[in-house]
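Here is a short briefing on one protein chain. Look over the sequence and the fold, then work through the points below.

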Amino acid sequence: MKTHLPAALVLLVGACSMPGASNEPFFGSSYIGGLVPAAMPVEGAVKGTLTFLRPRSLPGGDVWITPCFHARGASMFRDSDPFREGGRAARGETDGRGGESAVLVDQSVRWHDALFVDRDAGDRWLLLERRAFVSRWWVLLQRLPDDRDGTRDVARAMVFAVTLDDTDGDGDLTDRDAAVALMTDGDGRGAHIVTPHGEQLHAVNIDGSGPTLIFTTRVDRDGDAKFEADEPLRHATLELDGVAAVASPWIEPEDTERLERLYR
């Protein structure tokens with residue numbers, strides 16, 4: 001199977017291609033060299049200049065996305081990157097294979113928000129409308145038949161790793177704070193949180209039978225407001241064809257208790 005993925009989305013750095021994809025990257029590599037997002041304080045003025053990246057169309061529709069961030073001069077992703085502070089926000093691997101008709105692609109980003117524009121209807125809206133940091137972006141592509149007896153790839157859903165709360169209390173939003181999974185429709189509408197506040201989003205994966213998204217989070221077991229490598233991971237699932245709005249825990253408490261009894 002050969003998947004022709006449109007070069008339709010933009011991020012700050014890097015490119016991504018999937019097994020079986022054309023050489024044309026799904027994520028564009030255009031970014032503003034020499035600029036990085038400023039730290040996002042919980043209160044007070046944000047230092048830096050509001051900067052918009054180049055708008056790009058989302059696959060399969062009339063909606064365009066324009067990421068934005070408060071920028072300052074520095075070396076991209078190297079000099080005081082707020083998401084290389086030793087935390088563990090959205091650092092897990094993604095297996096994007098969802099069967100013959102779906103694929104999940106992802107990339108690391110550094111945004112403070114994003115503007116969506118429906119060029120057909122004229123609607124305009126923001127992803128967040130609050131102080132936050134977006135550090136990773138997943139797009140679920142669905143392969144659908146088109147009017148010319150062929151197929152086309154359409155964005156069915158998107159997930160953003162978003163840090164909304166200063167969970168470690170240092171006054172800034174960084175990768176040491178808990179990131180949640182914010183999910184939207186394929187056109188950026190209907191944003192809602194699908195993973196628990198206070199747990200650190202680790203990874204998002206896909207299972208082809210549904211498709212079902214699998215969210216992995218890290219738990220602050222000892223309550224010290226830090227997410228360490230030895231703290232447990234939890235998994236939750238969300239069926240896109242189901243009625244649930246948030247991910248449901250895969251492991252029930254009684255499952256954990258049954259196993260832990262074996263080792264006491």
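In what sense do E12 and E14 pair, and over how many bridges? They pair in the antiparallel sense, and seven bridges link them. Keep in mind that this is a predicted model.

**The five-stranded sheet**

- E12 and E14 belong to an open sheet of five strands.
- The strand order is E8-E11-E12-E14-E15, and the pairing is antiparallel.
- E8 and strand E15 (192-193) are the edge strands, so named as each pairs on one side only.
- Met-158 has Thr-184 in E14 as its bridge partner.
- In general, strands of a sheet pair through backbone hydrogen bonds, either parallel or antiparallel.

**The nonpolar cores**

- The largest nonpolar core has 27 residues.
- Trp-111, Phe-116, Trp-137 and Phe-160 touch the most other members of this core.
- Another core, of 20 residues, lies apart from the largest one.
- Among the residues of that other core are Ala-102, Val-159, Val-204 and Leu-240.

**Around Phe-116**

- Set aside the neighbours of Phe-116 within four places in sequence; its contacts then include Leu-58, Val-63, Trp-64 and Ile-65.
- Phe-116 also contacts Asp-123, Arg-124, Trp-125 and Leu-127.
- Met-158, Phe-160, Asp-187 and Gly-188 are in contact with Phe-116 as well.

**The four-stranded sheet**

- A four-stranded open sheet runs in the order E16-E17-E18-E19, with antiparallel pairing.
- Its edge strands are E16 (200-207) and E19 (248-249), and each pairs on one side only.
- Strand E18 (residues 233-239) and E19 run antiparallel and are joined by two bridges.
- Thr-237 stands opposite Ser-248 in E19.

**The largest pocket**

- The largest pocket holds about 620 Å³ of space.
- Its lining is made of 20 residues.
- Leu-233, Arg-234, His-235, Ile-251 and Thr-256 lie nearest the centre of the pocket.
- Strand E17 (212-218), E18 and helix H1 (253-260) each give two or more residues to the lining.
- Which classes of residue make up the lining of the largest pocket? There are 12 nonpolar, four polar and four charged residues.

Definitions and conventions: Residues numbered from 1 in each chain as written. Predicted model: local features only at pLDDT ≥ 70, side-chain atom pairs only at ≥ 80, totals over all residues. Heavy atoms only, no water. Pairing = 2+ DSSP bridges. 1 Å grid on protein atoms, 1.4 Å probe; cavity = no way out; pocket = protein on both sides within 12 Å on 5 of 7 lines; lining within 4 Å. Points joined across faces, edges and corners; volume = space filled by probe spheres on them. Nonpolar A, V, L, I, M, F, W, Y, C, P; charged D, E, K, R; others polar. Core = buried A, V, L, I, M, F, W, Y, C linked by side-chain atoms within 4.5 Å. Buried < 20%, exposed > 50% of the residue type's maximum accessible area, 1.4 Å probe, protein only. Contact = heavy atoms within 4.5 Å.
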